[in-house]
Amino acid sequence: AVGYYFRSVGRNWDDYVQFHPDERFMTGYIGLQLDRGYLTFTDGDEETQRQHCMAEYPNSNGVGGYFDARCSDNNPHNIGAGHYAYGTMPPFVAHWFAEFIESIRPNPNPDEPLRELYTSYDVFPLVWRTLSSIYDTLVIAICFGIGYLLRGRWTGVLAAWLYAGAVLPIQVSHYATADAMTSLWVALALFSALRAQARGRWFDYALFGAAFGAALASRFNVFPLVSAILVVTALRMLPAFERSLPNSERSRIIVQEFGGLVLAGFFTILVFRIFNPYAFVGPGFFGLMPNTRWLDDLGQARFETSPASSSPPQWQWVG
C-alpha cells in the first residue's frame, strides 16, 4: 500500500505537458493511433505499400488483420510512427484498457471538455501512468516472493520494503512508457526461474516462458534474461551425469528438465508472437518470417545507444 501510494501520488505531475519525449511519442503517435481504420506509411515506397494493401483488403480501406505486418493498423510502421524500437505490448494494453474504461462509463456530456475522455491526447497518458503504477506495485509483491524463496519471509519483507521505497521505480511509475511493464515481466520471470530451480515443475518453466515472452514483447533488450532458465535447467540436469545413477532415473531427469526447457521456449514464442506480432511478416499467425523493418529498428536502436551515436541523450555517457 505504501509502495502504491508513492507510485500513484502526483500522477499528473506535469499538468498535461508530457515532458518525457518517449512518453509523448508512445501515447500520441502510437497508443492513440492504434486500430484507427486507415493507414499512413512513413518508410519505404508509400504508394507501393498502399496499392498492395488496397488490393489485399479492398473492403476495409486497405487495413489488414492483426498479424499482417504490412497492412495492420496496429503496426506502428503503418500508422505514421516510423522508427519504433520498443515492444508493442505496452501500448496495446494501455489502448485496450482506455477503450474499455470509455466503453463502460456513461456517455459524456456534449459540453464536457475533450480532456475528460480517456482516449483523448491529454488523459490517455494518465491512464497509461495508472497502469505503470499498478505494474510496479505488483513487482513489490514479487520481490517479497523472491526473498521468501531465497531466505525466508523476513528477507522477503525487507526486499519488498526496499523496493517499495526505491527512487527509480517510483519515477518510472509516473511515466507512460514501456519500462514499468517490462520490470513486472522480468521480475515474474526471475521468480519463476527460482521456483523451477527449487521444484522443477513444468508449470514454473511454462510461467517463466510466458513472462519472458511478455518481457520481450515490451522491450526486446531484456533478451539476455534467457540465461536464467538455461542455468536453472543445467543445474537440475547435473545429477543425470552421476555414474552410479540407474539409467531409468537418468532418463527421467533428462526428460523432465529438457521437457521443461522446451515448454518454456514454446510459451515464450507464443506470448511474443501474440503481443509483438510485427516482429514477423504474417499475414497469419503462422507467418513467422522475420520482419526486416522490425530488425532494422533494433539495429537503429543499438546504434543510438552506442558510443558511435552523437545524439544529445548520449552526451551524458561521454568520457
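Biologist: What makes Glu-249 and Arg-252 a salt bridge?

Modeller: The closest N and O atoms of Glu-249 and Arg-252 are 2.9 Å apart, and a salt bridge is a side-chain nitrogen of Lys or Arg within 4 Å of a carboxyl oxygen of Asp or Glu. This is a predicted model, in which local features need pLDDT of at least 70 and side-chain atom pairs count only at pLDDT 80 or more, while totals for chains, interfaces and linings use all residues. Residues are numbered from 1 along each chain as its sequence is written, and side-chain values use heavy atoms, with hydrogens and water left out.

Biologist: Why are Glu-249 and Arg-252 separated by about one helical turn?

Modeller: Because they are three residues apart in helix α11 (residues 247–275); helices are DSSP runs of H or I, at least four residues, numbered from the N terminus. An α-helix has 3.6 residues a turn, so residues three or four places apart point the same way.

Biologist: Why is Arg-252 called partly exposed?

Modeller: Its relative accessibility is 46%. Buried means under 20% relative accessible area, exposed over 50%, and partly exposed in between (1.4 Å probe, protein chains only). Arg-252 therefore counts as partly exposed, and Glu-249, at 27%, does too.

Biologist: What makes Arg-219 and Asp-179 a salt bridge?

Modeller: Their closest N and O atoms are 2.5 Å apart. The pair links distant parts of the chain, 40 residues apart: Arg-219 is in the loop between α9 (202–216) and α10 (226–237), Asp-179 in helix α8 (residues 179–199).

Biologist: Which salt bridge does Glu-23 form with Arg-129, buried or exposed?

Modeller: The N to O distance is 2.8 Å, and both Glu-23 and Arg-129 are buried.

Terms used. Helices (H or I, at least four residues) and strands (E, at least two) are DSSP runs, numbered from the N terminus.
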